[in-house]
Amino acid sequence: MSSKARFITMEGTEGVGKSTNLAFVEQYLRDRNIDVIVTREPGGTPLAEEIRELLLKKRDENFDPTAELLTVFAARAQHLNNCIKPALAKGQWVLCDRFTDATYAYQGWGRGLSLEHICTLENLVQETLRPDLTLLLDIETKVGLARASARAELDRFESEEVVFFDRVRSGYLERAKAESQRFSVIDAGQTLVSVQKDIAASLFEYLKV
Ligand code: Z5A
């Protein structure tokens, strides 16, 4: 395994079990003496967390989709330059709960914004930085929503219709197909034990390289 610090992201739709499995991935890496920081998007720095609150808060005024897209990338610029890049430069691995694949999936496929515009913003904000590995937890929309509905209060995204999440899921799967080297797609509809067995197998293969 090369000593280069890696940037790993975890993605998926509602109720897919990202939070649960992020902790599993962190422990898997730490058990192998990998110095890893765990962060998330939107958020990851105090200012970016404030922007996250803006994005998730339900309000009477419609959040214009283009304004939403620019706000997501504003948070990302802050997070990248103040957290992710400095950590990677110090040799720390970065495990991030969602990143730009979420923007393609939610703002692109979900809201119907131009994928070319998203690509332009991606290049502007990230320059050449892209995740090295993306674990995509995939679940049938209705099963995921049933799991997520157990949560106390739904935020602005969680209040969307089933068809919205179907589009988001399709977007993620399209991206995984187009970049199969970077993505590992995990069937998140299985029991937690089986999901984590598949994640461990995927990480094992990845760490061999
Ligand atoms: N967003 C965006 O639009 N554009 C962007 O560029 C970015 C984000 C970066 C916040 O994200 C919102 O931001 C997100 C998209 C938007 N909105 N949505 N929706 P977030 O990641 O913070 O929000 P989240 O999707 O709600 O993530 P989460 O908190 O990690 O939830 P989760 O994936 O559902 O994970 P969980 O809490 O671990 O699991 C849910 C429940 O299922 C829980 O009770 C678990 O115990 C249970 N669970 C987990 N695994 C299993 C299995 N295998 N079997 C049975 N039950 C299970």
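Analyst: Some ground rules come first, then questions with answers. This is a predicted model, where local features need pLDDT of at least 70, side-chain atom pairs count only at pLDDT 80 or more, and totals for chains, interfaces and linings use all residues. Residues are numbered from 1 along each chain as its sequence is written, and side-chain values use heavy atoms, with hydrogens and water left out.

User: How many disulfides does the count give?

Analyst: A disulfide here is a pair of cysteine sulfur atoms within 2.5 Å. The sulfur of Cys83 has its closest cysteine sulfur in Cys96, 7.8 Å away, so the two are too far apart for a bond. The count is zero.

User: Is Cys96 buried or exposed?

Analyst: Buried means under 20% relative accessible area, exposed over 50%, and partly exposed in between (1.4 Å probe, protein chains only). Cys96 has 0% relative accessibility. That makes Cys96 buried.

User: Why is strand β4 largely enclosed by the rest of the structure?

Analyst: Strands (E, at least two residues) are DSSP runs, numbered from the N terminus. In a regular strand the side chains alternate between the two faces of the sheet. In β4, Leu133, Leu135 and Leu137 are buried on one side, and Thr134, Leu136 and Asp138 on the other. Strand β4 (residues 133-138) is largely enclosed because its buried residues number six of six.

User: In β5, which residue is the bridge partner of Leu136?

Analyst: Two strands pair if DSSP finds at least two bridges between them. β4 and strand β5 (residues 183-187) pair in the parallel sense over five bridges. The partner of Leu136 in β5 is Val185.

Technical notes. Helices (H or I, at least four residues) and strands (E, at least two) are DSSP runs, numbered from the N terminus.
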